[in-house]
Amino acid sequence: MSRQPEVNEIPEHVAEDMKQVEKELDAAEVDILKYSARLHEPIFKKRDAVLEKIDKFWPQALVNCVSTNVYIDDDDHALLDYVTKIDVKRDVNDPRAASIEFHFAPNDFIEDKVLVKEFKLDPKAGEFSSQFDFASETIPQPTKIQWKSDEKNLSKLKPTVGDLVEGKEDDDDEDIDFEPGSFFSSFFDSESRQVAGSIGRAIVEDLYPNAVQHYENPSLYEDEEDDDEDEDDEEDEDDDDREIDLEEEESRPKKKTRK
């Protein structure tokens with residue numbers, strides 16, 4: 001008969017030695033992150049110069065990325081279509097904090113050629129650890145946008161209402177009052193770690209490094225929708241009489257499709 005799995009604890013006489021080993025492993029992970037940041041920086045610059053040759057590359061990548069798409073309102077596309085470049089700047093010696101730059105071609109909405117969203121490192125974050133979490137350990141700084149008129153001010157026309165609650169799922173009661181408005185309100189105007197911080201983390205850790213994959217693969221949505229349809233079919237077969245909780249469905253942030 002094979003041995004059954006069981007829960008065990010490290011014996012006290014080796015616990016301190018194990019803690020020291022784990023500390024050294026974490027320090028090694030931090031060194032790897034720093035080295036990776038230094039190694040990638042010049043390569044990303046070269047990549048970004050190539051991407052500038054593709055018309056509307058970044059607007060489409062933003063739409064194709066699930067984590068950013070959910071915060072994009074239909075009216076945002078008229079301005080986001082003028083985004084020529086998205087750049088992420090980080091200190092290679094301590095790449096926890098970040099500045100995210102959106103570069104714009106001349107347009108009828110804003111005077112700014114570049115909008116910079118800065119995420120400062122929280123003084124309470126402590127020493128750099130491999131367990132660092134961007135959204136919870138950086139502080140989003142509001143970005144002043146020079147709108148050309150109130151009629152073009154997307155933040156004012158589509159304000160973000162409420163806030164997400166840390167540690168809660170989107171369908172929890174505490175979150176049902178949250179309503180994402182314009183991307184410019186949720187991201188650039190916002191100081192919320194749960195909203196602006198989540199968008200910032202998505203850009204820094206996913207959209208920016210994986211921009212080409214997002215641009216080429218809108219199938220992420222198709223796959224997810226197919227899975228949802230399969231699950232729905234199975235549920236219908238198992239229980240045709242199951243009632244749908246409409247309030248729960250309405251409380252979930254919806255993916256927004258580009259028009």
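A nonpolar core is a set of buried Ala, Val, Leu, Ile, Met, Phe, Trp, Tyr and Cys residues joined through side-chain atoms within 4.5 Å, where buried means under 20% relative accessible area, exposed over 50% and partly exposed in between (1.4 Å probe, protein chains only). You are looking at a predicted model, in which local features need pLDDT of at least 70, side-chain atom pairs count only at pLDDT 80 or more, and totals for chains, interfaces and linings use all residues. Residues are numbered from 1 along each chain as its sequence is written, and side-chain values use heavy atoms, with hydrogens and water left out.

**Stop one: the core.** Select Trp58, Phe102 and Phe184, the residues with the most contacts inside the largest nonpolar core, which has 43 residues. Among the elements that each supply at least two residues of this core are helix H1 (12-51), helix H2 (57-64), strand S1 (83-89), strand S2 (98-104), strand S3 (114-121) and helix H8 (196-207). Helices (H or I, at least four residues) and strands (E, at least two) are DSSP runs, numbered from the N terminus.

Now show what surrounds Phe184. Leaving aside residues up to four places away in sequence, Phe184 touches partners including Leu79, Phe104, Ile145, Trp147 and Asp189; contact means heavy atoms within 4.5 Å.

**Stop two: the sheet.** Colour the four strands next: they form an open sheet in the order S1-S2-S3-S4, with antiparallel pairing. Two strands pair if DSSP finds at least two bridges between them. S1 and S4 are at the edges with a single partner strand each, so one side of each has no neighbour in the sheet. From one strand to the next, the twist averages 20°.

Zoom in on S2 and S3, which are joined by six bridges; Ile100 has Lys117 in S3 as its bridge partner. Then move across to S4 (residues 138-140), joined to S3 by three bridges. Here Leu121 is opposite Thr138, while Phe119 faces Pro140.

Bring the helices back. H2 packs on the sheet, touching S1 and S2, and its direction makes about 65° with that of S1. H8 also packs on the sheet, where it touches S1, S2, S3 and S4, and its direction makes about 85° with that of S2. For these angles, axes are lines fitted to C-alpha atoms, for helices over the stretch in contact, and angles run from 0 to 180 degrees between N-to-C directions.

**Last stop: a loop.** Select Lys56, between H1 and H2. Its phi is near 55°, a positive value in a residue other than glycine. Most residues other than glycine have a negative phi. Lys56 is partly exposed, with a relative accessible area of 38%.
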